[in-house]
Amino acid sequence: MSELDPTLADALASFGADDAVLLVALDFDGTLAPLVDDPTTSTMTPAARDAVDTLATTTADHVLLAFVSGRDLDDLALRAEPPVGSYLVGSHGAQTGHATADGLEAVPLELTAEQAEALATLRHDLDAAVEGRDGAWVQHKPSAVVLHTRQAGTEDTHAAIAAADAAAARLGLEAMHGKDVVEIAVVHTSKGLALDRLRDVVAHDVPGPDGATRRVRVLYAGDDTTDETAFAVLRPGDVGIKVGHGDTVAAHRVADADDVATVLRHLVTATAAP
Ligand SMILES: O=P(O)(O)OC[C@H]1O[C@H](O[C@H]2O[C@H](CO)[C@@H](O)[C@H](O)[C@H]2O)[C@H](O)[C@@H](O)[C@@H]1O
C-alpha cells in the first residue's frame, strides 16, 4: 500500500486536527512483526521499525506511543525495543510499564495465593495436554499459560485446544483464542480494559494549561481476535485499524505491518513538531 485508503486518510487528518493528546497504541505480533513459528525470533519489519522510531522522535510532545501486547512485559520490551517514553502494556493488560533511558520500568505484578495456585494447576494441565502432540507447545507467562499450535497437525491441534478449554473451564477462567494460540490468564484482563486505563493514565500524564484534563484520542492497530476488545472501547474521533483478514469491529483495515508503517509515516507528517 503506497497510498492510504481515502477514508483512512480522512480519519487520520481529523485525528490530529485539534489540541487533543494523541495516543498511538499498537499491538506487536501480526501488526508490527509478521507472525513466525518461533516467538523468540519475532521482529518488526524494517519499515515498521523505521516508522515507529520516526514517530517517537519527530512528532510533537502531545503524540504518545504505546505497545499493547499479549506478550509478557519483559518479552515485549525485548522484542519491540520500544523508544524511550513509550507506554507498555503486557500480558493483555495484566502488566504495565514504561520505556525509560535506563530501560524498562515495570509496575510489579502480584498474584493472590488463589491466582498463583490456579496458574500452577494450568501449567500442569496444559503441559500434560501437549504431551505426545507434535508441534504443540506451552508458553509459561507470569500471569497466564499459552498453548501454541502453529506447527501442530489438525488432529493434535483440536485435541490440545479441547484440553486447554477444559482446563480453563475447570477453574472458571476464560480461554482466549488467538492466532494458533489459546491463552488462559489467572488475572481478569483484556486489551480493552487496558486501553481504557491507559487513556486515563495519559490524560493524567499530559495535562492541559492550568492542569486541565485534555482530551485523549486513540489510534489502535491490531490483527488478532484479542484486539477486538480494544477496538470495542474506541470512541468518536479515535481510529481503529484491523491488520489483515478476519471479522472486526474496527472502522478501517490494512493488509500488513508495512501498511501499518505507511499509516504511521502519514501520522508523522500530520503531527511533526514545528
Ligand atoms: O498481542 P500480541 O502482541 O499480538 O501477542 C499475542 C501473542 O503473540 C505471540 O504469539 C503470536 O506470535 C507468534 C510469533 O509470531 C506466533 O508463533 C503465534 O502463533 C502467535 O499467536 C506470543 O507468543 C504470545 O504469547 C502472545 O500472547
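This is a predicted model: local features need pLDDT of at least 70, side-chain atom pairs count only at pLDDT 80 or more; totals for chains, interfaces and linings use all residues.

Biologist: Which residues in H2 and H8 meet?

Modeller: From H2, the list includes Ala-47, Ala-51, Val-52 and Leu-55. In H8, their counterparts include Ala-261, Leu-264, Arg-265 and Val-268. Sorted by class, the contact of H2 with H8 has eleven nonpolar, two polar and two charged residues.

Biologist: Now H4 and H5: why is H4 called roughly antiparallel to H5?

Modeller: Helix H4 (residues 113–130) and helix H5 (residues 154–170) pack at an angle of about 165°, and their axes are 9 Å apart. The cut-off for roughly antiparallel is over 145 degrees, so H4 is roughly antiparallel to H5. The crossing of H4 and H5 is right-handed.

Biologist: How many nonpolar residues does the contact of H4 with H5 have?

Modeller: Leu-122, Asp-125, Leu-126, Ala-129 and Val-130 in H4 meet Ala-160, Ala-163, Ala-164 and Ala-167 in H5. By class, that contact has eight nonpolar, no polar and one charged residues. Asp counts as charged, and Asp-125 is in the H4 list.

Biologist: Into which domains is the chain divided?

Modeller: Domain 1 covers 6–109 + 189–271, and domain 2 covers 113–185. Their C-alpha centres lie 27 Å apart. Domain 1 gives 14 residues to the contact, and domain 2 gives twelve. On the side of domain 1 that touches domain 2 there are three nonpolar, eight polar and three charged residues.

Biologist: And the ligand: how do you know where it lies relative to domain 1 and domain 2?

Modeller: Both domain 1 and domain 2 give residues to the shell around the ligand, so the ligand lies between them.

Biologist: How many residues surround the ligand, and which are the closest?

Modeller: There are 22 residues around the ligand, the closest being Phe-28, Asp-29, Pro-39, Ser-69 and Gly-70. Strand E7 (144–148) and strand E9 (181–185) are the elements that give two or more residues to this shell. By class, the shell has six nonpolar, seven polar and nine charged residues.

Methods: Residues are numbered from 1 along each chain as its sequence is written. Two residues are in contact if their C-beta atoms, placed from the backbone, lie within 7 Å. Helices (H or I, at least four residues) and strands (E, at least two) are DSSP runs, numbered from the N terminus. A residue is near a molecule or strand if its C-beta atom, placed from the backbone, lies within 6 Å of it. Domain bounds come from an automatic or database domain assignment. Axes are lines fitted to C-alpha atoms, for helices over the stretch in contact, and angles run from 0 to 180 degrees between N-to-C directions. Angles under 35 degrees count as roughly parallel, over 145 as roughly antiparallel, 65 to 115 as roughly perpendicular and the rest as oblique. A crossing is left-handed if the near helix is turned anticlockwise from the far one by less than a right angle, and right-handed if clockwise.
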